[in-house]
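Let's take a look at how this chain is put together. Have the model open while you read.

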Amino acid sequence: QLDRLVGLTMLIAATTIFLYYTIWTLFMPFVDQPHFSHAFFPPRVWAIRIPVILIILFSTVIGSFLSVVMIRSNRRKALKAKK
């Protein structure tokens, strides 16, 4: 039961983020600047900066993880070869 709740929560979060980002990047450029809805969104330059920062961050984390795994597996192979 907990896995369904976690899955539903993740689905709702992903849908909310997708809709927010879609409205921010596709519809807000056509809304006049003094309109009150601009208060709910950061400047448009962040629509590019945020994904780029996240891609760099996730690539770094994945690359670091793979490097650690490869180094550890090479150490284990070297230990087996010495035995």
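## What counts as a polar contact

A polar contact here is a pair of N or O atoms within 3.5 Å, where one must be able to donate a hydrogen and the other to accept it. Keep in mind that this is a predicted model. With that rule, the interface of domain 1 and domain 2 shows one residue pair in polar contact, both residues at pLDDT 80 or more. As for salt bridges between domain 1 and domain 2, the count is zero.

Five residues from domain 1 and six residues from domain 2 make the contact.

How much area is buried between domain 1 and domain 2? It comes to about 430 Å², with carbon and sulfur atoms giving 65% of it. On the domain 1 side, Tyr 21, Trp 24 and Pro 29 lose the most area to domain 2, and together they account for 81% of what that side buries.

## The annotated segments

An unreviewed UniProt entry carries the annotation "transmembrane region" for residues 5-27 and 47-71. In the model, residues 5-27 are 100% helix and 0% strand, with 32 Å between the end C-alpha atoms. Residues 47-71 also come out as 100% helix and 0% strand, and there the end C-alpha atoms are 37 Å apart.

Key:
Residues numbered from 1 in each chain as written. Predicted model: local features only at pLDDT ≥ 70, side-chain atom pairs only at ≥ 80, totals over all residues. Heavy atoms only, no water. Contact = heavy atoms within 4.5 Å. Buried area = accessible area lost by both parts, 1.4 Å probe. Salt bridge = Lys/Arg side-chain N within 4 Å of Asp/Glu carboxyl O. Polar contact = N/O pair within 3.5 Å; in protein donor to acceptor, adjacent residues only side chain to side chain. UniProt positions renumbered as here; feature names shortened; annotations may be inferred. Helix = DSSP H or I, 4+ residues; strand = E, 2+ residues; numbered from the N terminus.
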